[in-house]
Amino acid sequence: MAVAAVPSVDSQLWSELDATHAISADLSATAIVTTRLGNDLPNPTLTAVGLQFDYRINSWITSATGYYVSIRNADTGAYATVWLPAAAITHEYHWGRLLLSDRNRVEQLEGVASSPTRYRNRASADWHVAGGKDATNIFIADELFYDFSKDRWTRNRAQLGLQFHLSADANLQVFYLRQSNTYGTPDRLNVLGLTLQLGSTR
């Protein structure tokens with residue numbers, strides 16, 4: 001049977017559930033479930049679960065460690081299991097209703113050929129819209145991926161979205177994300193994303 005050509009551009013739907021439990025004033029644990037669906041690729045393109053611990057070092061620095069397991073659907077329809085340990089440091093800066101943050105993350109993809117190590121830098125800006133209980137946040141972000149096995153930057157994700165405060169312990173993010181790949185296929189993804197965040201870290 002002939003294998004269909006991989007599209008250079010694909011439209012996808014990414015959904016995620018984050019359930020956070022505050023262990024102490026500075027330490028929290030988050031269970032993460034993710035599913036990604038493509039328009040012209042075998043589905044689901046990715047299904048993942050993970051557990052992440054966040055520790056607030058001070059008012060503007062937070063560290064994170066996590067372990068994630070994903071099942072990835074290759075272009076041919078074959079499945080691969082990837083184990084991903086990761087660690088990150090995030091710096092945050094507050095000016096009134098504006099929050100600027102910069103996350104530096106290192107991760108290893110075990111289960112992928114040569115088990116590559118990646119560095120990811122994500123810069124974001126979050127603007128809180130004043131209002132009542134249904135107030136929203138507007139956010140933009142850009143994330144760069146560096147693959148040490150290839151010794152170059154291989155991916156970029158640009159993101160724009162809204163975060164709706166559903167209740168004191170529930171937020172919904174709705175966003176558009178554009179992913180560009182130097183290596184791998186498709187070359188570009190146009191993504192509609194939905195992330196439901198439950199619980200509180202404070």
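Below are my notes, pairing by pairing.

Ground rules first: this is a predicted model, where local features need pLDDT of at least 70 and side-chain atom pairs count only at pLDDT 80 or more, while totals for chains, interfaces and linings use all residues. Numbering runs from 1 along each chain as its sequence is written, and side-chain values use heavy atoms, with hydrogens and water left out.

I call two strands paired if DSSP finds at least two bridges between them.

Entry 1, strand 8. I started with strand 7 (residues 117-128) and strand 8 (residues 136-147), which are antiparallel and share 11 bridges. Looking across from Ala123, I found Asp142 of strand 8 as its bridge partner.

I then checked strand 8 against strand 9 (residues 152-167): antiparallel again, with 12 bridges. Here Ala141 faces Gln159 of strand 9.

Entry 2, strand 11. Which way do strand 1 and strand 11 run, parallel or antiparallel? I got parallel, over 11 bridges, for strand 1 (residues 9-22) and strand 11 (residues 188-198). Leu13 lies opposite Leu192 of strand 11.

Strand 10 (residues 170-181) is antiparallel to strand 11, joined by 11 bridges, and I see Gln173 across from Thr195. Their hairpin has six residues between the strands, with Gly184 at a positive phi near 90°.

How values were computed: Helices (H or I, at least four residues) and strands (E, at least two) are DSSP runs, numbered from the N terminus.
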